[in-house]
Amino acid sequence: MSNATLETATVDDHSDQESSEHGPSTGISNTKLAMWLFLGSECLLFGGLISTYLLYKTRRGPDNLPIPTDVFDIPFTSVSSFVLLMSSLTMVLALAAITRGDNFGFRIWLLTTSLLGGVFIGGQVYEFTAFLREDVGFTNNPASSAFFTLTGFHGVHVSLGIVMLMSLFVASWQGKLRPQHAETVEIAGLYWHFVDIVWIFIFTVIYLIPA
Amino acid sequence: MSEAMRTEESRWAFARRLWSTLTLAGFGLLLVGCAADAELDTFQDQGETARQINDLAVPVFIVAGVVLVLVCGALVWLAVKNRVPANEDYQGEFPKQVSHNNTLEIGWTLGPFVIMVIVAVASLVTHLAINSTEANAMEVQVDGQAQTWEPRVVVVGQQWWWEYRYYLSQDITTDDLGDPWDLPPADIVTSGQMVIPAGEEIELIVTSRDVIHSHWIPALNGKRDAVPGLYTPWKLSADEPGVYFGQCTEFCGLSHSRMRMQAVAVTPADFQTWIDSQMKPANLPTNEDSAQGRGAEVFSTYCASCHLVRGLNDADYNGAETYAGSAPDLTHFASRTTFAGGIFNLYNSDYSLNDDQLAAWIRNPNEVKENYANDLADGELPRGMPDMGLSERQISDVIAFLATLGQEPTRAQILATEVN
Amino acid sequence: MTPTNATVTEKPLELESGVTPFVERPLGVLTRPQGGRGWRDWLSTVDHKKIGIMYGVSAMVFFVVGGVEALLIRLQLAVPNGGVLSADVYNQVFTMHGVTMVFLFIMPLAAAFANYLIPLQIGARDVAFPRLNALSYWIWLSGAIFLNSSWIVGGGGADCGWFCYSPNSGLAFSPSHGVDFYAIGLLIAGIASLVSAINLIVTCLNMRAPGMDLFRMPVLTWMLLITQFLLLFALPVITVALFLLMFDRLFGSDFFNPDMGGDPLLWQHLFWIFGHPEVYIIILPAFGVVSEIIPTFSRKPIFGYSFMVFSGIAIGFMGWGVWAHHMFVSGIGPISVAAFSLSTMFIAVPTGVKILNWIATMWGGQIRYTTAMLFAVSTVGMFTIGGLSGVTHALAPADTQQTDTYYIVAHFHYVIFGGGVLGLMGGLYFWWPKVFGYLLNERRGKLNFWLMLIGFNLTFGPMHVLGLQGMSRRIDTYSAGFGFEFWNLVATIGSFIIALSVVVFFHNIWRSKREAADLPPPGPDPWDARSLEWMVPSPVPEHNFDEVPTVDGLDEWWHRKYAIDDDGNVVRISSVQSAAQDGSARGVHLPSPSFWPLVLALGLPLIGYGLIFNLWLCVPGGLMVGMAMYAWALEPVDDPDADHGQHHEDNDGDGDNDGSGGSGDSDGELATVGTPSTQGGYE
């Protein structure tokens with residue numbers, strides 16, 4: 001993926017320049033525009049999942065089994081949310097580093113971002129297992145099904161983001177990611193920030209607003 | 001060129017003649033089609049709400065028809081008037097190249113808008129009217145005591161029949177009903193046919209015990225979905241006594257098409273008679289060796305785990321062993337004119353019992369109305385009536401028993417369901 | 001000659017220092033194809049035109065499949081108590097008929113038009129991401145085949161209706177695997193549409209030729225662009241619904257199980273939030289096609305271009321606020337019903353504007369009745385019927401009588417068949433010479449048209465009567481005595497006339513192809529048409545435009561042939577031959593073909609089978625997807641082995657597909673192919 005990323009960017013600059021000279025366009029590169037559109041679509045995906053959770057968040061079902069709200073550990077999740085938020089900051093720093101040609105700084109910040117994302121995912125895995133120990137399972141009732149589906153979808157998004165960042169890291173390590181490829185990093189960053197922002201919504205809606 | 005044009009011309013004349021002939025023939029056919037007996041026809045309204053709906057819909061249909069004629073007329077007129085030869089190298093003078101006219105555009109944006117505002121207001125008025133319920137009350141005698149009853153029927157759908165529950169001695173509301181799988185005991189429970197007093201507005205509370213169904217008696221009112229876990233209010237009324245046909249209209253699985261019902265409207269006096277007879281438990285046969293007596297035995301052995309006959313098995317009855325937890329209450333089976341989810345006539349046109357059909361049904365229900373009641377997996381509950389493997393003798397006995405249950409319907413009612 | 005804006009010589013791609021293309025070739029059969037010959041070329045092509053053709057051909061195959069299902073339905077209902085199908089099979093057949101016609105016929109047929117025509121109409125050499133485009137097609141096809149494979153391996157098709165309302169779609173009520181195939185098959189097909197929507201939106205926004213401002217784009221491109229936006233935002237909603245359904249059925253969750261506190265109405269809301277925009281996704285492309293055909297054969301510009309575009313946009317927006325009109329009797333409460341009833345009525349206004357503009361275009365025109373024009377005009381008429389019956393059930397009270405009856409079946413077939421299919425059929429006749437280089441015979445075409453129009457009206461016209469007489473939808477049989485017999489028989493006869501017309505269509509393709517050898521070729525512009533695709537040879541050369549044209553206004557191509565003098569008369573200023581391009585350019589940079597989209601797409605059904613039958617199957621499926629993504633990404637931007645006469649340039653590399661319609665990584669593909677350039681460099 002890394003190779004492609006680089007070469008993509010190379011062609012990208014080339015083509016953008018031309019299209020802005022000769023054809024009317026948005027002035028946003030194709031790849032970046034595609035990412036914005038994709039994220040627009042993702043808003044509706046998470047919108048649907050969050051609405052489902054809101055509808056179901058107190059439904060215990062006829063067996064009156066526990067729902068996630070019963071066993072929330074808000075301080076713990078607050079810390080992992082903070083970790084994820086910090087990763088957005090380090091992502092910004094990584095982009096700044098590559099823009100000014102600081103490869104070493106870029107790799108450090110990229111790695112930090114991935115690590116922070118990894119910590120968040122680790123926290124989520126820990127949280128899920130803790131819930132399962134307290135008998136809050138996926139099939140308990142609509143409330144827990146909706147909880148695991150929503151947070152699970154978000155977790156998958158973060159994980160794919162980490163894969164993406166690591167691909168960039170490897171590319172940089174091999175010396176293939178250069179300042180002129182900053183836009184590729186920016187696009188990866190867009191995705192990463194989006195996933196973080198979605199988590200702020202989810203955290204507020206699920207954990208902070210009382211049932 | 002002119003020769004070609006002439007042939008072209010005559011071809012068009014022929015097309016026009018053909019078209020008008022076809023149109024005339026079409027209208028003729030339309031009349032033939034509509035003249036047929038149509039028990040579910042939405043235009044033959046027999047109740048207040050259905051009439052209000054038609055009072056709204058028919059003028060809109062007419063307006064829509066006028067618009068349609070104008071648009072299609074314009075198309076056909078332009079098609080004929082502005083026609084030039086279709087060959088690809090046609091090189092005649094170009095017409096005037098008109099590309100826009102904003103006044104016109106704004107006009108035909110506002111024109112339809114104004115029409116739609118008028119239609120919308122009319123629609124809203126009717127919408128509010130058919131969704132409001134008036135506080136209605138009638139006198140009924142329950143166990144010899146006069147009661148004020150707000151006519152209200154709880155309508156419960158399940159695969160593939162309707163249950164109608166009447167709570168006469170209490171004013172039941174949605175909050176009292178609780179779980180649709182465990183409704184409070186009703187004074188009268190009937191299935192497939194809802195008996196209502198003519199001229200009264202009946203409030204319906206519609207729900208379901210398995211999938212979504214939809215309750216629809218076209219002559220009396222539009223439809224309302226029966227959603228499991230949800231109690232939805234609706235209403236209907238019949239102007240005159242009569243039998244009004246209905247059909248489940250939300251796709252509900254295998255035998256969706258064979259899930260029908262009738263609303264049987266009777267005079268208030270007949271309604272009281274009906275209540276009196278329905279409130280009674282079944283008259284059990286006294287002679288155990290008669291066909292009826294043996295039939296009661298067969299019923300107790302094979303049927304009683306699902307069906308209730310009050311007076312016979314109410315002590316042991318604890319809901320049906322089916323997916324929906326219900327099966328038709330047969331205490332007054334013979335007082336109805338249809339069975340098996342409103343699809344078969346219980347009586348022949350000579351008013352005798354339709355025992356052939358009844359026997360076929362009991363012999364193998366899946367054969368005459370497909371269901372999921374046989375060959376079940378472990379722990380799976382039947383949806384529909386299973387084949388109980390009764391012998392012919394047992395079948396005729398149990399039919400003899402069933403025929404004794406309830407007061408026979410009137411001949412007019414029997415004839416009215418003939419169309420089934 | 002055409003005014004040429006700068007001929008920018010496009011350098012063969014030069015990689016920045018330090019970047020060496022990854023050129024090992026360890027992949028045997030999947031070695032990077034060179035393109036150009038035989039079936040392997042079709043499997044690996046990234047050419048938007050070939051992909052468009054493949055969409056079209058596959059769509060017609062599924063049209064036949066869905067059509068056979070329709071004929072079975074009509075045979076069963078021809079007479080009371082029909083015995084052609086059992087209730088169980090009937091339920092599967094009508095479900096698969098709906099799903100097939102919506103997702104596997106009309107959407108891909110519209111996608112065929114979008115793929116083929118958008119780049120040509122905006123003056124581009126390809127779409128923004130050619131390999132993603134191939135990926136969309138292959139994913140869609142694998143989803144379509146997966147969905148239909150449930151007939152063979154899933155114990156029958158889905159039996160829950162295309163709308164698949166819960167809880168009837170739950171495991172308790174539909175225990176066969178049909179519904180699993182429905183959910184996963186539509187998820188896979190949804191990924192395809194999402195990728196394609198992003199791709200085409202970027203193409204429309206970023207790849208236009210010089211001077212091709214948004215408001216110079218042909219109406220068809222506009223309608224297709226709006227369609228892609230609708231897809232972009234509607235698909236994630238159905239994706240959520242399908243995931244929840246899949247989790248319910250395969251993993252035991254309780255989203256739609258009322259026994260466990262689930263809410264069946266949640267499915268309805270999610271489904272129709274997608275499902276109503278879906279109606280416009282189906283109809284807007286046909287509106288676009290009609291808006292191209294009517295001006296051409298009226299010899300006049302489209303009347304009220306800006307109103308046509310804005311009414312399309314208005315429909316696109318308003319289409320999001322009307323979904324609950326499918327739920328007027330579901331018990332959502334009188335206030336919601338009133339609100340959605342109002343919003344539904346007012347969506348009639350922009351639709352009416354379109355109809356009146358088409359009529360105004362014909363007004364004062366000189367109308368040439370080719371088959372394409374006949375289809376286009378009848379589309380306007382038939383859609384008007386569907387639209388007006390739609391107004392009658394926007395009235396919530398009337399809808400309580402009409403919903404779920406055959407009146408609705410009549411309504412949406414007048415919209416989807418009368419509006420959508422007839423319109424796209426016209427489009428097929430119109431663009432056929434452009435795509436295949438020969439004209440379809442007009443005499444047989446007219447026979448095809450009249451049979452289809454008459455058959456269509458005989459089939460669906462009577463359904464208005466049946467519905468108002470109280471015949472319910474989705475019933476596998478009906479009794480005699482309700483007055484349903486006559487019109488059902490008529491409808492069945494009509495359906496066979498439609499089938500006959502489709503046979504005539506296929507026959508026409510075959511015969512016209514044979515006869516074409518003896519006829520003069522149609523040339524670039526057989527219809528004296530208006531938009532840019534008609535200035536290039538028929539069939540369109542692989543590189544589309546020898547030189548990317550500079551656009552000065554709407555109907556650019558027409559204005560290169562004609563001018564309007566001071567008296568308002570049209571004068572010819574250039575012959576087609578001199579104004580058109582001859583397709584002789586060589587050395588135009590084109591994206592290199594690739595097998596990886598196909599490999600990636602084939603992994604998805606494996607994951608699907610794995611979810612249903614044995615989770616271990618997901619492992620090879622997932623590996624295929626992952627491997628294809630990385631191989632795709634590592635595939636060199638510029639194929640060093642490509643022959644230089646046909647200089648290839650690739651735009652690379654994305655792996656944006658994680659199989660969930662969910663996230664993906666960011667590095668997309670991009671193309672320089674839309675840039676104005678000619679490269680004279682012969683080898």
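**Local geometry, pairing and packing**

In chain C, Pro539(C) lies in the loop between α16 (485-516) and α17 (556-561). The structure described here is a predicted model. The peptide bond that leads from Ser538(C) into Pro539(C) is cis in this model, with omega near -10°. A further cis peptide bond is found in chain B, where Gln159(B) is joined to Trp160(B) with omega near -10°. Trp160(B), too, belongs to a loop, namely the one between β4 (152-158) and β5 (161-166) of chain B.

Two residues with a positive phi were examined next. Asp135(A) has a phi of about 65°, a positive value, although this residue is not a glycine. Asp135(A) is found in the loop that connects α5 (103-133) with α6 (142-173) of chain A. A residue counts as buried if 20 or more other C-beta atoms lie within 10 Å of its own. Arg299(C) has 24 C-beta neighbours inside 10 Å, so Arg299(C) counts as buried.

As a whole, chain A contains seven helices and zero strands. Chain A has 211 residues, and 50% of them count as buried. Among the contacts in chain A with a separation of 6 or more, 83% are made by residues 24 or more positions apart.

In chain B, an open sheet is formed by three strands in the order β7-β13-β12, with mixed pairing. Its edge strands are β7 (193-197) and β12 (242-247), each of which pairs on one side only. From one strand to the next, the twist averages 20°. Strand β12(B) runs antiparallel to β13 (residues 260-266) of chain B, and six bridges join the two. One bridge pair consists of Gln247(B) and its partner Arg260(B) in β13(B). Helix α5 (residues 268-279) of chain B lies across β7 and β13 of this chain and runs at about 130° to β7(B).

Elsewhere in chain B, helix α7 (residues 355-363) packs against helix α9 (residues 392-403) at an angle of about 120°, and the two axes are 10 Å apart. At this angle, α7(B) is oblique to α9(B). The crossing of these two helices is right-handed. On the side of α7(B), the contact involves Asp355(B), Leu358(B), Ala359(B), Ile362(B) and Arg363(B), which meet Ile395(B), Ser396(B), Val398(B) and Ile399(B) in α9(B). The residues of this contact comprise six nonpolar, one polar and two charged.

Chain C provides a second example of helix packing. Helix α2 (residues 48-77) and helix α3 (residues 87-122) of chain C pack at an angle of about 155°, with 7 Å between their axes. An angle over 145 degrees counts as roughly antiparallel, and α2(C) is therefore roughly antiparallel to α3(C). The crossing of α2(C) and α3(C) is left-handed. Where these two helices touch, the residues divide into 22 nonpolar, nine polar and two charged.

Finally, chains B and C meet in an interface. There, 83 residues of chain C are in contact with 80 residues of chain B. The side of chain C that touches chain B is made up of 48 nonpolar, 28 polar and seven charged residues. Strand pairing also links the two chains: strand β1 (residues 83-84) of chain B runs parallel to strand β1 (residues 367-368) of chain C, and two bridges join them. Within this pairing, Val84(B) stands opposite Arg368(C) of β1(C).

How values were computed: Residues numbered from 1 in each chain as written. Chains lettered and ligands numbered in written order. Predicted model: local features only at pLDDT ≥ 70, side-chain atom pairs only at ≥ 80, totals over all residues. Contact = placed C-beta atoms within 7 Å. Nonpolar A, V, L, I, M, F, W, Y, C, P; charged D, E, K, R; others polar. Pairing = 2+ DSSP bridges. Helix = DSSP H or I, 4+ residues; strand = E, 2+ residues; numbered from the N terminus. Buried ≥ 20, exposed ≤ 12 C-beta atoms within 10 Å, placed from the backbone. Axes fitted to C-alpha atoms, helices over the stretch in contact; angles between N-to-C directions. Parallel < 35°, antiparallel > 145°, perpendicular 65-115°, else oblique. Left-handed = near helix turned anticlockwise from the far one by under 90°.
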